[in-house]
Each structure stands twice: as C-alpha cells, then as structure tokens.
Amino acid sequence: MRARGLTKRFGGFTAVDGVDFSIQAGEAFGFLGPNGAGKTSTMRMIACLSPISAGTLRVLGLDPMRDGPQIRSRIGLVPQEDTLDLELTVRDNLYLYGRYFGLPKKLLRERVDQLLEFARLSDRADERVEPLSGGMRRRLTIARALVSSPDLVILDEPTTGLDPQARHLLWDRLYRLKREGVTLVITTHYMDEAEQLCDRLVVMDAGRIAAAGSPRELIERWSTREVVELRFEPGGHEVQGEGLADLAERVEVLPDRLLLYTDEGDATLDAVQSRGASPIAALVRRSTLEDVFLHLTGRSLVD
Amino acid sequence: MSVSPPVSSGAAAPPRRSRTPPALRAYQYNLLAYKRTWRGSLTTTFLYPVLYLAAIGVGLGHLIDHGSKQAVDGVPYVWFLAPGLLAGTSMQIGANESTFPVMAGIKWLKTYFAMLATPLEVTDVLYGHLLWITTRVTTASAVFLAVMAAFHAVPSWWAVGAFPAAVLTGAAFAAPVMAFSATRETDRSFIVLYRFGVVPLFLFSGTFFPVALLPGWLQVVARCTPLYQGVSLCRGFVLGRPGGWDAVGHVAYLLAMLTAGTLAARVTYRRRLVQ
C-alpha cells in the first residue's frame, strides 16, 4: 500500500493534509494520534469507503477510486463503531456478512463455525447480539472482518472502551492474525496498544504525519531512555519545573505531574532529592510512545 | 488453547465466489432479518384488511347500500371500497418500509455501512432494499386479495390484474420515500410525512368515495395524486372494467414515479453514505 500527498477535505475542513506512507504486505502498521488527528479519515480512504480529495493512493496495488469493490473484497474492516445487527444472532451476523462477499453457503457455514471458535463466541452463537458485552461485540466485529479471508485487515480503534482483560484477549487474537501473514493496519490513541502490536507506525497530529518509524526507533529518536515522573502539591508543578530544569535533558510540565527526560533515571531522582525538593510521589520509568507524542505535539494523547 | 485464525495468507487461492448478484446479497439481509419482525407485520398485512373490510365495507356498506346492489358507482359499497383499500394499503406499506427501516440502515443499526465495507456498492444496497420492500408489498397484496375474496368482494376474474397494480403502487411510493428518508437526520420528519402526505392521500384519493363527490377544483387535485392512479387501476381490474387508455396512463404515471424516485434515491443515498 502506498500513499503520496493523500488528502481528505470535508467542505473547508482538511481532515488529512497531504500524508505519505507505505505499508508492506504482512506488516502491522499503526496510526497513532489523538481524536481528530485524521486517523479515521485515512482508514476510510484506504478501505475505499471515502473518495480521496487529492494525492495518490494504491491499496493492494489497485486504485481505490476505480477498483473499490475489488479492493474491498480483499479487505476486512473493523470500524470504530460496531455495525452489527443487534437483533440478529451472533451466527447470523457472521453468515450474512459472508454473503455480502458472495461466499458460497456451504463454505460459509464451515467458516462461521471456525470464526466463532476464534472469537471465543461459540457458546453464544445462537443468541442475539444485543445483550453481549462490549468486548464480545468487538470480537464478533473482528471475526466478521475475517469472514472473507482478507489479505488486509483494517482496525479503527479496536479496543477503545474495553476493560483491560478484554483488550488483552483482543490483542492475542490480533497477534495470531499477524503470525498468519495478514497485513494489519491499526489506528489507536493508546500508546501501549501501538507498542504491543505495531511493527511500524506513524504519529498523526492535525491531519499531518509528525513522525514515522518503529516504536523503538521513535522512542530513541524523540525521547530519552528514561523518564522521572514527579508529583507535587497542586499548582506547584510550574515552579518546581523551572527549579529542576537543569537536571534533565528536557522537562515537561503537565497539569498533574512533572516529567524529567533523562538517560539515567535513578541518578536524576537522587539529584532531585539532594536539591531538597520533596515530591508527593516519584517514579522512574522507561520512555514510551506517549512521551514521543508529547514531545512532538506538546499534548498528551488522550486529550 | 490453540485456536488459529481461519484466514488464508496472500498466497492462497482466492475463495470461490457465488454468482448471486450483489443487490440480491443485500436483499438477503432483509429476508433473514424479517424473521425477527414477521409477527409484528401480521397486523398490517392480515388483520387490518379484515378489520377495514368488516367494519367499513360490510358494516358501513350496509347503511350506504340500503339494500341496493348498485349504491356506489353501480356496485355494492364493499366492491367499491375493497380495491381502494388494496391500493391504499400498498401505499402505506411501501411508505412505511421506506422510512424507519432506511433510518435504521443509516443510523440505528448502520446495516448499510456494514454492507458498504464489503464489495457491495451504494446502488446494490439501494436496489436490494427496494426489492425487499417490493416483496413486502407483494405478499401483503396477495393476502389482501385473498381476504377480499373471502368477503365476496372480487366479482371478476380481471381482479388478477389488480395484484401487479397494487405491487406497482407500493413500489412507486417506496422509491421516492427512500430518497427522502436518506436525507433526514431524525425520524421526526416521518411523522410529518405521514400526517400531511400518506393519511390525506389515503382518505381523499377515491379510496372511500368517488372523487366526483369532491368540489370541482379538489377533484382535479385528487385525480393528479399518485394514489388515485393506483386506486383507479386496482378498482378497474377488480370490477372487471380495466379501462383502456386511462389504465395505460395510470401505469405510466406510477412507472415514472418509480423511476424518478429510484434515480433520486441513487443521488441521496450516495450523498449520505459516501463522504
């Protein structure tokens, strides 16, 4: 997949502003960014659901503007909002979706059973979707996206709103897909999700790509090895930040905490304490993608 | 657990596709989904005709006929009324199925969007749904004609022609109403459409009494309404006097409405579903 100068405008508003990226077959590729960064618009263009406004885009080597149905027949889409039919059974949802792809009934029945197993929904197969939990619905949506044995699976915020247990189960399922050689394109505003799942990713902000690379590369390039997090009395972070600025390569002042970017966290924390500063709480941790994002945009991801 | 995903990697042969045309695949959704609502629809398709024909056709008809067998338009009232109700019911089902279910496809269940993420195109989604609504009208019309026969309100073999006429009437309403529904943000406008569109048409298009009884200018208006075409067609067939060029005119009117409505729906569907 290749995009050059890919742009999406809605009236006067530019949602995606000339982005370039390419994704290899078999890769897990992430779009990381806060809400409104243009991730979903990009996904919808890739899935041939939304015409591009400018630039070029090739998906599976084809042109989305011309070969929409052909591309979509090889894509599995997990949209941000579930489009399951709540009043039909779990099984019927899978079966009908497969029929949209024109899959023969016999083949489809076998595959539906496999997918129910895969999504751990076999025991709920003949119940309606409505009473299912958010995690179960999400697994069903993912299973549904796989019904056509796609080469490319697009997941738009697959785990937003799920509890940790449900997220881990979903991640496990996505790993399995990746191992099977399916190309995954994932949008998320959770940095742990991006770090766990993505081989490479781009950080998007306000319709543009702010940085690109593997999670490791991004952290190495845009952040320090470690971070010291300090919490002071409310309102004290500004003042403390100025006083401690020379102890770290960089300081970020957040409303609720102070971040000191350094390669030697423990040493920095010792230095802070020898200055007589007394934080309510202190923590040394490794840099994450969230730090990269904070550095690139000056905002935290879940704004 | 060792469950692996049932996917084929890129190198595997593409799965065999069935030859079902895309619009029919969208249609299949409605067919399967209908199994959850078919009980509710029994009221409109079966009970209403019985109630209307019993209460108004037979009950009120008794007062109107005064023992005469030629009280209205030279026939018993129930003969006059039944084909009008047939066309009126087709209109109602056509309109009904093109409002709330379309909103469900766009907003409430988002089934249209589920379809569009697959190889189906906007026109497939539209035609599949329109075909389904036509199916609903078809079964309802068949039931209605059967009920009419039970009430001895089918005096002529020509009545067979009223069946396609009723189906055409329902479809002709469905298409433009679908086009309209796809432009709406909420279901409030559907109530307005009913109050100021469907109900007045049902009452004043020659369904319950001959339009000749209306004041002069209203007669002209009534004769121009779409339901009047359907009512006249059905009544002509049921009473065994289909009428030559008039009938052709009615059919042409309804076909034009179906075509224009479908073309409009293609535009509004695309505008709403592809952004």
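A:Asp256 counts as exposed because it has 9 C-beta neighbours inside 10 Å. The scale is this: a residue is buried if 20 or more other C-beta atoms lie within 10 Å of its own, exposed if 12 or fewer, and partly exposed in between, with C-beta atoms placed from the backbone. This is a predicted model, where local features need pLDDT of at least 70 and side-chain atom pairs count only at pLDDT 80 or more, while totals for chains, interfaces and linings use all residues. Residues are numbered from 1 along each chain as its sequence is written, and chains are lettered from A and ligands numbered from 1 in the order in which they are written.

Back to A:Asp256, which sits in the loop between strand 11 and strand 12 of chain A. Helices (H or I, at least four residues) and strands (E, at least two) are DSSP runs, numbered from the N terminus.

Now the sheet. Four strands of chain A make an open, antiparallel sheet in the order 11-12-10-13; two strands pair if DSSP finds at least two bridges between them. Strand 11 (250-253) and strand 13 (281-286) of chain A are the edges, each pairing on one side only. Strand 10 (residues 226-231) and strand 12 (residues 258-262) of chain A are joined by five bridges. Within that pairing, A:Glu229 has A:Leu259 of strand 12 as its bridge partner.

Which helix packs on the sheet, touching strand 11 and strand 12 of chain A? That is helix 9 (residues 237-244) of chain A, with its direction at about 175° to that of strand 11. Axes here are lines fitted to C-alpha atoms, for helices over the stretch in contact, and angles run from 0 to 180 degrees between N-to-C directions. Contact between two residues means C-beta atoms, placed from the backbone, within 7 Å.

Next, chain B. In helix 8 (residues 188-204) of chain B there is a kink of about 40°, centred on B:Tyr194; the bend at a residue is the angle between axes fitted to the seven residues ending there and the seven starting there. B:Phe190, B:Val198, B:Leu201 and B:Phe202 of this helix are buried. Its buried residues pack against helix 3 (77-96), helix 4 (100-108) and helix 10 (226-238) of chain B.

Last, the contact between the chains. Chain A gives 39 residues and chain B gives 33. On the chain A side, helix 4 of chain A has the largest share, six residues.
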